[in-house]
Amino acid sequence: MLGSLPPAINASMADPPTSIATDRLLLRPFQQTDVEAYAAIRAKPDVVRYLPGGGDTVKGAREIAEKAVAGFSGLWSEQNGPGYGPWAVVHRSSGELIGHLGLRLLPDLGGETEILYMLDNAVWGRGLASEGARAGRDYGFDHLGLDRIIAMALPENAASLRVMEKIGMSREPGLVEAFGLKVVQYTMRAGDPRL
């Protein structure tokens, strides 16, 4: 079993939990029953404007949601993926799915692990992205034994860049290309101070 883990994962941390709770959020692997709610979130132009494909993806939100839910779920299997991936984000007080957030291994970018998030605009401005991103960051360092985590966003996505700064990540100079976009990259190492 341990032979299938990415090299960045410490073998002594091979059985991390797959779901975690914060004060206001439940982060859990996606389930097929999440497709409808997730598609509704992805159908909002404001929510997807800074993602690859931007507003053009709104028309295909259902198909994108189906593929994403299946793909994100599959990442949690060590036979098919790295054993971790983006979680479905559920607001604990309402029980509603409000987006995705978590870690994703990027083999095409040198095996980096990125922290990513997309939340429904109905919950923006409440600190939920920062709360969840802190939990994802800690999961990566404390449970998976990652040495480094990156995050990326378009330079004009000020709210996303602020989340990266709030959790203690440092901006790298210049822009990098990822997913066909020129993006800002933030990084954090396991030993860096956590905010």
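Here are some notes on the fold, the helices and a few individual residues of this predicted model.

1. **Ground rules.** Because this is a predicted model, local features need pLDDT of at least 70 and side-chain atom pairs count only at pLDDT 80 or more, while totals for chains, interfaces and linings use all residues. Residues are numbered from 1 along each chain as its sequence is written, and side-chain values use heavy atoms, with hydrogens and water left out.

2. **The overall fold.** The protein chain holds 5 helices and 9 strands; these are DSSP runs numbered from the N terminus, with helices being H or I of at least four residues and strands E of at least two. Reading from the N terminus, the order is β-β-α-α-α-β-β-β-α-β-α-β-β-β.

3. **Size and packing.** The radius of gyration of the protein chain is 16 Å, in agreement with the value near 16 Å for a compact globule of 195 residues. That radius is taken over C-alpha atoms, and the globule rule is 2.2 Å times the number of residues to the power 0.38. The C-alpha trace spans about 40 × 40 × 30 Å along its principal axes. Of the 195 residues, 48% count as buried; buried means under 20% relative accessible area, exposed over 50%, and partly exposed in between, with a 1.4 Å probe and protein chains only. Contacts are heavy atoms within 4.5 Å, and of those with a separation of 6 or more, 60% come from residues 24 or more positions apart.

4. **Helix 3.** Helix 3 itself runs over residues 61–75 and reaches 21 Å from its first C-alpha to its last, close to the 21 Å expected, where the expected span is 1.5 Å times one less than the number of residues. E63, also in helix 3, is partly exposed at 47% relative accessibility.

5. T57 sits in the loop between helix 2 (45–48) and helix 3. It counts as buried, because its relative accessibility is 14%. The T57 side chain reaches the backbone oxygen of G54 at 2.7 Å. Leaving out residues up to four places away in sequence, T57 touches V48, P52 and I64.

6. **Helix 4.** How much of helix 4 is buried? The count is 12 of its 16 residues, so this helix is largely enclosed by the rest of the structure. Among the buried ones are E131 and R137, along with L128, Y139 and F141. The end C-alpha atoms of helix 4 (residues 128–143) are 21 Å apart, which agrees with the 22 Å it should span. After the helix comes G145, with a positive phi near 70 degrees.

7. **Helix 5.** In helix 5 (residues 158–166), the buried residues are S160, L161, V163 and M164. They fall within an arc of 155 degrees seen down the axis, so they too line one face of their helix. The face turned away from that buried side carries the exposed residues A158 and A159. Cover for the buried residues includes strand 5 (112–119), helix 4, strand 6, strand 7 (170–171) and strand 9. G168 follows helix 5 and has a positive phi, near 95 degrees.

8. **R148 and its partners.** R148 is in strand 6 (residues 148–153) and counts as partly exposed at 21% relative accessibility. Its side chain joins that of E112 in a polar contact of 2.7 Å; such a contact is a pair of N or O atoms within 3.5 Å, where within protein one must be able to donate a hydrogen and the other to accept it, and residues adjacent in sequence count only if both atoms are side-chain atoms. Beyond its neighbours within four places in sequence, R148 is in contact with residues including T113, F141 and Q185.

9. **F179, worth a look.** Most residues other than glycine have a negative phi. F179 has a positive one, near 55 degrees. This residue is in the loop between strand 8 (176–178) and strand 9 (181–189), and is partly exposed with a relative accessible area of 45%.

Key: Arc of directions from axis to C-beta.
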